[in-house]
Amino acid sequence: MRLDRFIDDFQRDEAAERRRLAEEKSYAVIDYLDEVTDRFDERLQGDSLFGSTAPEVFVGRSGYPNVSTGVLSPMAEDADAETFATSADWYAEGLGVGDVLRRRSGMLNSTRSAKVDVDDVWDGFVGTQREVAIADHPVDVEVGLADTPDFDVDVDDITTPTGPRARAREADLAENPHVPRPVEKTLEDDDWAAEGAMTYLYRRGFDVYEINNILSAGALGQGHNRRLVPTRWSITAVDDTVGQYLRGGLRHSDTVDTVEVWTNEFMHNRYWVVLAPGNWEFELVELKAPESVWNPDATGYYLASAHEGYEGRTGYVEETAGAYYAARLGVLEHLADRDRQAKALVVREITDDYWAPVGVWQVREGVRNAFDGEYGEAETFRQAVEALAPQLPVSKTQLRRKSNLVAGLQTTITDF
Amino acid sequence: MFNAIVSADTLRTTLDSVSVLVDECKIHLEADGLAIQAVDPANVGMVDLSLSADAFESYEADGGVIGVNLSRLEDIAGMAEADQLVHLELDEETRKLHISIDGLEYTLALIDPDSIRQEPDLPDLDLAAEIVIEGRDIDRAVTAADMVSDHIALGVDEAGEFFYVDAEGDTDDVHLELTREDLIDLVVGPAHSLFSLDYLQDMNKAIPKDAEVTMELGEEFPVKMHFDIAEGKGSVTYLLAPRIQSD
């Protein structure tokens, strides 16, 4: 697998700008960070921290192949570490933007700089981190810190926010982590290409969140390819790989019978999913409100879109980035359940109230859960778009100019 | 039985016009020449090619079918200078194709034709408008449209009696009008259809700039593009399904 497909030009100063905006939008987070500082002082024993870590690890991407890599430990003594890790459960819990930032800022990211090349590294800090990543339950870890934490929150469009960060001297397991059988299998087989191992875990019931951690820790793939994968890249890589696997399974499936319109709203993002009969085609169109975190300066909506035909795409998406693969996964999972293919248009409106990015899991769960509940039916795709248009903040002309599917649906030669 | 000698140039032109759509194809080795029909995996683009025995320096065949990996065969043909001759001979026993170019021998393993996708029949279309246009004008339209959009509309203005090309992007537009004088010929009829540029670009790559292309168009119907290769001793027809707006 070529990881550089997932690298794009996300500038550091843009990240700082987003954080500033998010902070302006909610001073509550800043207040909360003060509380966290106090709580942290109580939790620290000398310069070490003992406790349960969330079954989630964080690998930075700046400086690749020398990256900052960390374990995430909740600082509340009685906290259930499991709930601090990004998962599909966060949707069911109905978390808001503030809840996510609060939860994540209550976790210390103890980091060390490491080389990404980790084939066979199972000792030291990186070894401990890898054990945490492949375990299916929170693991007790003792972390020795090299300095006092820096209290801040980092936000990003793809990764879940991370909270205070401190440099770690060392990290030691205080118990034997439990590693599920299928993960052991992918770990032991160092002749198994990463894509195959990822889809194997998916088929064995692991959600993309867990697979993402395992990939990030460099615990699957062919031996000589095993390395730490920056969280941002691994999230997209897993969504893309599992999506391709599901799409492959639908190549010869029947198509949906009618045009269906599904909707959802989650964390001030509104979703419309239109499924129409025909060979697989997918498009994500994002409408970003002016003055939202993603479109801070503009006076009008910013539109972004990416599209693929029956055979998928060859290049990385220029626009919409990780959200594309997350939304596509949600749609493909639904279609795979029904064993049907379809032409799928996902429209995502990002309102001004979405005041801080919480990561691309929000898009994945927003789309996955759009398929619960009722759907609307239309005679034709065109009629569905006509009905949808008045609910959108942009004109139909703008939508048509930005969307391949709205402009026209691809037919096949046998249709004539 | 198949034994033929052909110029590298003719062989490459033939292979290129098919490989823009598919990776593998069946070649029908008829007594009077070879024929290829192929459709891309998405069933959107189709090619129908024939190359008469006259296009070869020598040609002998008795109606067999072989399956080939096009990029392999193209690579081998690429080893020859344009005016060099390529000798192709089928070994019926081993089901391999022996290719020799000026002393260079290459044995190409063939693919079981039954494992290659069955091509659909060329649909019988009644397309009202016919435009005869130079290959370089298609190239110009496709290149300009690609600057602004992923799709392109082709149509005929019946009142104004001209062929037009439209591309609408996020913010920018491209429009091209070609009147009867700019074209080689024009039969006016109701025609307007939208096409994916990805496909049209691929087909455009295989259309010689100086070719006379006969384009047949309808209202939200596939476009048919027909042109000659090998100095009129071969012909290629592309069919491309539209993106439709009315459904």
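**View 1. The bridge between A:Q410 and B:R243 in the predicted model.** In this predicted model, A:Q410 has B:R243 as its bridge partner, and that partner lies in β19(B). The two strands involved, β15(A) and β19 of chain B (residues 243–244), pair in the antiparallel sense over two bridges.

**View 2. The contact between chain A and chain B.** On the two sides of this contact, 21 residues of chain A meet 26 residues of chain B. At least two residues of the side of chain A that touches chain B come from each of α12 (381–388), α13 (396–402), α14 (404–407) and β15 (409–410) of chain A. Sorted by class, that side of chain A holds seven nonpolar, nine polar and five charged residues.

**View 3. The domains of chain A.** The domain assignment divides chain A into domain 1, covering 3–173, domain 2, covering 181–249, and domain 3, covering 254–415.

**View 4. The contact between domain 1 and domain 3 of chain A.** Within chain A, 23 residues of domain 1 are in contact with 17 residues of domain 3. The side of domain 1 of chain A that touches domain 3 of chain A receives at least two residues from each of α1 (12–25), α3 (89–92) and α4 (97–105) of chain A, and α1(A) gives the most to that side, with four residues. The make-up of this side of domain 1 of chain A, where it touches domain 3 of chain A, is 12 nonpolar, five polar and six charged residues.

Definitions and conventions:
Residues numbered from 1 in each chain as written. Chains lettered and ligands numbered in written order. Predicted model: local features only at pLDDT ≥ 70, side-chain atom pairs only at ≥ 80, totals over all residues. Domains from an automatic or database assignment. Contact = placed C-beta atoms within 7 Å. Nonpolar A, V, L, I, M, F, W, Y, C, P; charged D, E, K, R; others polar. Pairing = 2+ DSSP bridges.
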